[in-house]
Amino acid sequence: MGTGHFIVLCYCLSSLVTVVSADDPKVNISETDPPVNPVYKMIIQEQDKDAQMICVVENRPVDVEVQWTVQANRGNASLIQIATGTRSYDAFRWAIDKPSPTAWRLRIQNVQPTDEGSYTCKVQVGAQNYVTSVRELRVVQKPQISDLDTSTDMTKNADDPAKLECYANGRPKPLIKWTRMAGELLPNGGTEFQGNVLNINRIESDHAGIYKCTAENSAGMDYREIRVTVNFRPEVYTGTPVARQAIGYTKELVCNIKGYPPPGGNQIAWSRESRPIISGGRYEIRNIPGASNRITSILVVWNVQSSDFGRYQCSAENDKGSRYVTMELQSSSVPTEDRSGSVRGGAPFLSLNLATLFMLATVFLLHHIRFIR
């Protein structure tokens, strides 16, 4: 190798060392708002909000400007020039300012999905060489349920099919799930169903209630509650088909009713051996409304007589039909308790439970022993 070639080679190596020397610019996007997501290693911002990046440049040559560019994530998208120095190429989308002599702040205004991409802060150090720092921006949108496409409160007749629909917009695409209030089972089984449409092939009375549609993604969630009302003929049942009581004591016969529309007082009836019973004399009918369209109907028979023994019928009706249940009152050799645990005599004011009778007997016995002593 000749002397001339050696000198040229040394000059090139010297130039290369100069390019990578400690005096070259240092570029770093050091701060972002919102901060870089630690899991996805990118900036994630909600649609319609601003996003900011601060680029700190050290050792910047006086005659070299800081540049911002973005490479959109869309297929075949070209590199877009955002700004040079503090001059923005689209002031409606991007704003540039300098919070300090070595910092350039880019504010992406009212971010939209089209703003997604790789943002680069760079300083030129050669004809085709740049010192760069890059941050990725992803735009998300909280779910928003579409009221036009989502079901509202509905009323169905028993045995009819029903379809509950729920649709939502969002980015990423929201996951739709259905649940019932208080963790009740869905008609198709289970406590949760995923999908836009919840089909009920044959709706039953137990399917009435509030259904909750929830749309969720990484940006947040939205929900709607849909009340489903089911019209059905009354269901009538009793927990004690056979009741017993001694003559001269009071007995309650209990009938449980569930129906919608709820039967009115004049739609609930009691009979004995096919003969209607009305309140009065030794009979009293009480209809007590409860939760979930339930009614407890109680027939009180005061001062039970032998003529009261036999088969009783409790019936209820609404505009969807009627049903009834039968029960039997039989004779007992000893008085029996009512629902509250009391033994009640023939008149309404004679009511003593077993604990009270035991206490009175004990007091009487102690008093008798003391008197003998």
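1. Ala316 stands opposite Arg323 in strand 27, where a strand is a DSSP run of E covering at least two residues, a helix is a run of H or I covering at least four residues, and both are numbered from the N terminus. This is a predicted model, in which local features need pLDDT of at least 70 and side-chain atom pairs count only at pLDDT 80 or more, while totals for chains, interfaces and linings use all residues. Residues are numbered from 1 along each chain as its sequence is written, and side-chain values use heavy atoms, with hydrogens and water left out.

2. Strand 26 (residues 310-318) and strand 27 pair in the antiparallel sense over nine bridges, pairing being assigned if DSSP finds at least two bridges between two strands. Gln313 has Thr326 of strand 27 as its bridge partner, and a hairpin of two residues joins strand 26 to strand 27.

3. Strand 20 (residues 242-245) runs parallel to strand 27 (residues 321-331), to which four bridges join it; here Arg244 has Gln330 in strand 27 as its bridge partner.

4. These strands belong to an open sheet of five strands, with the order 20-27-26-22-23 and mixed pairing. Its edge strands, strand 20 and strand 23 (275-277), each pair on one side only. Neighbouring strands of this sheet are turned by 30° against each other on average, direction ignored, with axes taken as lines fitted to C-alpha atoms (for helices over the stretch in contact) and angles running from 0 to 180 degrees between N-to-C directions.
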